Amino acid sequence: MSDAPTHHFTNERSFAKVPGDAEAGATSPMTGEQRFQAIIDADDKIEPTDWMPDEYRKTLIRQIAQHAHSEVIGMQPEGNWISRAPSLKRKAILMAKVQDEAGHGLYLYSATETLGIGRDELVDLLHAGRHKYSSIFNYPTLNWADIGAIGWLVDGAAITNQVMLTRTSYGPYSRAMVRICKEESFHQRQGYELLLRLCRGSEEQKAMAQDAVNRWWWPSLMMFGPHDAESTHTQQSMAWKIKRVSNDDLRQQFVDMTVPQAEYLGLALPDPDLRWNEARGHYDFGDIDWAEFWNVVKGNGPMNRERMEHKRRAWDEGAWVREAAAAHAAKQQARRVAKKSA
Ligand code: FAQ
């Protein structure tokens, strides 16, 4: 072992057997970099204490933090309707869903902590405008049917993206995704069922559902990010198996899955170019308004300012809770130490 480049080996896990070990043999042990690549090639998981390239770590922190921030900011558009839900049952469902999103944020911030960066630091970066969150949460929720459209389309798009992330190469992220996807599928079902009830209701209710779908369809397609040709990170992220499917392929999957669901609801999707293409075996769809997408990403969407103001205010107002929890934990710890040394 003495001639192994030890600076590449950070822990026991680095010595786990991976394909290629036999060929590498005892005479030429793998470097951390080679072992990282072998784990990726074998479709195995990189774990927190494994050696990893700095850029791999940075990419994960960027993507997972952006995802965590999205879950937390994503509580706002729906949270806005909890007090106005039309029945106790709908209120209970909506509260459970919004709480789930907070939980998703926590799992994801925990996953970034395994990469060496704390939640407080990430939240500061978001509050300072140096981190992004998903464009979708910068649109307003104008009527009750928006809650159904968010569940069906926004959670539907989120699941399409996140199912592939259960196979991402970073262990803690992939395991968080398994649990998150289970919860997201309940979210999607409740949204679809809500819209189905409206579509089987009065003319006014159906019109409300159609209005919501008209406004949420295109922003949902934007959630998948820019076209592959414009995507800064896709190529490297796919080589590292952080992303397993490209933005455009996921968007196509989502369209193919959603069109028959819209037909069953009896709702039109607001795209005159949407039609089945027999030769491709997929639906063709119209051009996305990328100017609108980038405008929203840069902070100029209809609700960006309000979302961030609300987020900062909630963080400041919750300071006493964090301080009280930290003081309580310190007191408990001091008691444990005192008991041990007594
Ligand atoms: N919004 O090179 P790419 C949810 C940025 S969770 C804003 O293609 P990448 C649950 C991107 O950061 C929704 N910015 O980037 C829920 C990059 O900028 P940067 C969130 C976007 O990372 C439901 C630049 O554009 N889900 O909805 C967006 O390879 C209901 C170039 O883009 C996740 O975050 C966008 N839509 O691919 C909660 C899933 N798209 O950083 C409440 C995990 C792209 O270089 C209620 N994330 N950008 O300055 C991912 O899978 C990826 O990050 C993508 C983007 C696919 C989103």
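I started with the ligand. Of the 36 residues around it, Lys-132, Ser-231, His-233, Lys-243 and Asn-247 come nearest. I kept in mind that this is a predicted model.

For Lys-132, I found a side-chain N or O atom 2.4 Å from a ligand oxygen. For Asn-247, a polar side-chain atom lies 2.8 Å from an oxygen atom of the ligand. For Asn-161, the distance from a side-chain N or O atom to a ligand oxygen is 3.0 Å. I then asked how much of the ligand the protein buries. Alone, the ligand exposes 1100 Å², and the protein buries 93% of that.

I moved on to the largest nonpolar core. I counted 78 residues in this core. Tyr-56, Trp-152, Tyr-170 and Trp-216 touch the most other members. Helix 7, residues 145-165, gives the largest share of the core, with ten residues. In soluble globular proteins, nonpolar side chains tend to be buried together.

Which residues does Trp-216 contact, beyond its neighbours within four places in sequence? I listed Ile-136, Tyr-139, Pro-140, Thr-141, Asp-146, Ala-149, Ile-150, Leu-153 and Val-154.

Last, I took the whole protein. I noted 14 helices and two strands. The C-alpha atoms fill a box of roughly 75 × 65 × 35 Å along the principal axes. Of the 342 residues, 49% count as buried. I also checked contacts with a separation of 6 or more: residues 24 or more positions apart account for 75% of them. The protein exposes about 17400 Å², and carbon and sulfur atoms supply 54% of that area.

How values were computed:
Residues are numbered from 1 along each chain as its sequence is written. This is a predicted model: local features need pLDDT of at least 70, side-chain atom pairs count only at pLDDT 80 or more; totals for chains, interfaces and linings use all residues. Side-chain values use heavy atoms; hydrogens and water are left out. A nonpolar core is a set of buried Ala, Val, Leu, Ile, Met, Phe, Trp, Tyr and Cys residues joined through side-chain atoms within 4.5 Å. Buried means under 20% relative accessible area, exposed over 50%, partly exposed in between (1.4 Å probe, protein chains only). Helices (H or I, at least four residues) and strands (E, at least two) are DSSP runs, numbered from the N terminus. Contact means heavy atoms within 4.5 Å. A residue is near a molecule or strand if one of its heavy atoms lies within 4 Å of it. A polar contact is a pair of N or O atoms within 3.5 Å; within protein, one must be able to donate a hydrogen and the other to accept it, and residues adjacent in sequence count only if both atoms are side-chain atoms. Accessible areas come from the Shrake-Rupley method with a 1.4 Å probe; for residues, only the protein chains shown count as cover.
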